[in-house]
Amino acid sequence: MNNIDRQYKELLEQILRFGYDKDDRTGTGTKSIFGWQLRHNMREGFPVITTKKVAWKTMVRELLWFLSGDTNIKYLVDNRCHIWDGDAYKNYVNKCNEDKWMKEIVLDLPFPNKSYGLFSQEEFINKIKTDDEFAKKWGDLGPIYGKQWRSWGEHHKITTVECERPFDYEFRKKMKGIDQIADAINLLKTDPDSRRIIVSAWNVGEFSKMVLPPCHNFFQFFTRKLSYKERYKLWFQNNFESGMEYNELEQVDFSNEYYTKTPERAISIMVNLRSNDVPLGLPFNIASYGLLLEIFSRISNMVPEELVMNIGDAHIYQNQIDGIKEQLTRTAYDMPSLRISNNVNFK
């Protein structure tokens, strides 16, 4: 059994055997344990749980959506990614009901059912697809992951203030927000030993505006220098031609332009998850942050090394238990390798 499946199976078994029965916001009930860590060496393969299906394209689209800074499900819906549909629809229903209450109780006005009647979730998603104005109003999920990653602290209504202080760079930067992704990339390139290469989505001041507070709330990068032996082996693997002989004692000059693209460092990522649905969410999160590590390694010309997942409340919903018991009987397969096309340009 591959290492990531082995760790995942161990976590499931621990929850089934020792988990505490707890209530939750869905009313379903969970079995939960507190505090768990998974560690995966990327050299062993790309981290994908093999005992269940992981929706690869859905995962990639959501990650790219986060990285773009977008918070509206319009892009996801147009690309057949529906994992946020329920949250957007619940937000729509809640706000419409609040509006109904305001008109009937506060303003003492009759509620016009025809004009304010609620769509079903299927109708709602179809409106998101076909009606741009509707999507703009109801498709936004508030300042969730993408907004925090790319524009933390952004204030939208600043036109007048900007006109009054057009050359106050620090003030304008604060009002525009902090691009944590760009800052992390800059630190990886200019100060790779920094212990502050962190991206956080846990903005307590904006929880009330979010449809759901972030479950994976921050991640941190760690880099180290590669030894000469590691760099030579890496260069040889990437440049092997018929007839070449492996000779790490040759002491090649990596400052020579022939070797300049050989990475000097390895990069690891540690992710914190305050709450995690282990059967459904964790396989998705593992693959997503494995891909994020691959992307950042490509941008910074480093070698992806270790993926570390720290989980706070690790839980299984009561209605998932039978499925988990069946999954634990399945055979795990070797992990796949991942190759990002040289034509992809990450900037």
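Visitor: What volume does the largest pocket have?
Guide: This is a predicted model, in which local features need pLDDT of at least 70 and side-chain atom pairs count only at pLDDT 80 or more, while totals for chains, interfaces and linings use all residues. Residues are numbered from 1 along each chain as its sequence is written, and side-chain values use heavy atoms, with hydrogens and water left out. On a 1 Å grid over the protein atoms alone, a pocket is an open set of points where a 1.4 Å probe fits, with protein on both sides within 12 Å along at least five of seven lines, and lining residues have an atom within 4 Å of a point. With grid points joined across faces, edges and corners, and volume taken as the space filled by probe spheres set on the points, the largest pocket comes to about 1,300 Å³.

Visitor: Which element gives the most to the lining of the largest pocket?
Guide: Helices (H or I, at least four residues) and strands (E, at least two) are DSSP runs, numbered from the N terminus. Two or more lining residues come from each of α12 (228-239), α13 (281-300) and β6 (303-317). With seven residues, the one that gives the most is α12.

Visitor: Which residues lie closest to the centre of the second largest pocket?
Guide: The second largest pocket has a volume of about 1,000 Å³, and β5 supplies the largest share of its lining, four residues. Of the 30 residues that line this pocket, the closest to its centre are Arg25, Leu212, Cys215, Asp277 and Gly281.
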